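Biologist: I am new to this structure. Please show it, and then I will ask about it piece by piece.

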Amino acid sequence: MENFTYHTPTKYVFGRGAEEKAGEEALAAGMTDVLLCYGGGSAIRSGVLGRVAHALDSAGVNYVEFGGIQPNPTDDKVYEGIEICRRERLTALIAVGGGSVIDTAKAIAAGVPYEGDFWDFFTGRKVEKALPVGVVLTIPAAGSEGSGNAVITKLDGLHKISIRTDYALRPKFALMNPELTFTLPPYQTASGIADMMAHIMERYFSPSEGVEITDRVAEGVLKAIIEEAPKVMARPDDYDARANIMWSGTLAHNGICGTGRKEDWTSHAMEHEISAVYGVTHGAGLAVVFPAWMTYMADRQPAKIAQFARRVFGVENHDDRSAAMEGIMMLRAFYGSIGLPVTFAELGVASPDIDLLVKKLHENKGERIGGYRTLTAEDTAEIYRLML
Ligand code: NZQ
Ligand code: ZN
């Protein structure tokens, strides 16, 4: 097991009516003047934005609304938000939405106190200081409510870059009411499920030895997700199933499954190029990428893929490569059963420009990527071809 420090200072308030605590939690976190961020309109239609605004009003918290943040969020909204915060002297942010809204809020939070271009943080500069961010989560998927990460696309060149901070960008609080997810379209629910599974698998497929505890934590959360997923797909208002899926999304990405181990993250890097260029939903993209990456590994380094197949899907085959291939087949079947794509064509990308994806991938992430096994451009091109 590797050495580690685990420190996740986010306060989670979970359950029915959680969003109504926005005012008191904002004050407890010292937030008096807030940029209230939201997306393309679902938060208005469901009424959650109104309830959060009401809670802030009641607590005497001053706020300015900032909507229109799109999925796969872009740098233009970050510049706009930074400008508003400076002009209106806002010193905190609350994001009502999913990964796209939260990540935009985080990037604005880092950008406001910094004199240079916020994009510097996406090209290597460390985030030392940021405004506090609070979250009202409406979709379990990206796990950004509990992560120190933010993912933004620079429109010029379509560079989708993920940054990872230890503490600076972790939300101060996350208000999580599973009822808010009843209105999710099935494709978004399913994509969120694929994303949270991928967050666990990126950590599970590790070269680190002696990590039985986090292997078992990861397998347990994966099995729970696979069990709960059909229930939320069949009955979108099944509170307990929604609650289990929502909390899984946080546990998948708040670091607990990665303690003491090296992580991989190749599939995410490869998917980010697909969603940057083709605008697909991130989790759906991962349902295509991950099994292809695993197929590539089954031929070269099958042991952990076989362990996953046996422990998560109950595969009984004793040969590692065959067990791995059986597990991959079952993973694909699971994705298919909840309406997710498993090929480029099913994802809606009829003729992907693989040369372009590979070029951008290695420009953005370096010549060699991956923790489970290091991959070059030749390898990643082969993995992209396995998605055809
Ligand atoms: O924009 P609105 O109208 O709100 O609609 C959204 C959006 O269209 C809709 N939605 C959200 N909650 C809803 C709802 N519709 C009905 N009812 C509700 N309760 O869902 C759509 C997707 O929203 P988005 O915020 O994009 O979803 P998600 O949480 O999947 O975030 C995806 C982004 O997060 C990044 C992804 O790359 C992508 O850009 N990631 C961020 C990570 C992080 N910060 O730690 C890690 C992830 O690996 C991921 O890369
Ligand atoms: Zn993800």
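Biologist: How much accessible surface does the protein chain have, and what share belongs to carbon and sulfur atoms?

Modeller: This is a predicted model, in which local features need pLDDT of at least 70, side-chain atom pairs count only at pLDDT 80 or more, and totals for chains, interfaces and linings use all residues. Residues are numbered from 1 along each chain as its sequence is written, chains are lettered from A and ligands numbered from 1 in the order in which they are written, and side-chain values use heavy atoms, with hydrogens and water left out. Accessible areas come from the Shrake-Rupley method with a 1.4 Å probe, and for residues only the protein chains shown count as cover. The surface of the protein chain comes to about 15300 Å², and the share of carbon and sulfur atoms is 50%.

Biologist: Why does the radius of gyration of the protein chain agree with a compact globule?

Modeller: The radius is taken over C-alpha atoms, and the globule rule is 2.2 Å times the number of residues to the power 0.38. For 388 residues the rule gives a value near 21 Å, so the chain agrees with it at 20 Å.

Biologist: What percentage of the residues in the protein chain is buried?

Modeller: Buried means under 20% relative accessible area, exposed means over 50%, and partly exposed lies in between (1.4 Å probe, protein chains only). Of the 388 residues, the buried ones make up 58%.

Biologist: Which residues are the protein donors of the zinc ion (ligand 2)?

Modeller: Donors are N, O and S atoms within 2.8 Å of the metal (3.2 Å for Na, K and Ca), and sites may look incomplete because water is not among the atoms. The donor residues are spaced D-x3-H-x68-H-x13-H in sequence. Lying 2.0 to 2.2 Å from the zinc ion, they are Asp195 (OD), His199 (NE2), His268 (NE2) and His282 (NE2).

Biologist: Which helices hold His199 and His282?

Modeller: Helices (H or I, at least four residues) and strands (E, at least two) are DSSP runs, numbered from the N terminus. His199 is buried at 3% relative accessibility, and His282 is buried at 15%. The pair is 83 residues apart and links distant parts of the chain, namely helix H6 (residues 186-204) and helix H10 (residues 282-298).

Biologist: Is Ser322 buried or partly exposed?

Modeller: Ser322 has its place in helix H12 (residues 320-337). Its relative accessible area is 29%, so Ser322 counts as partly exposed.
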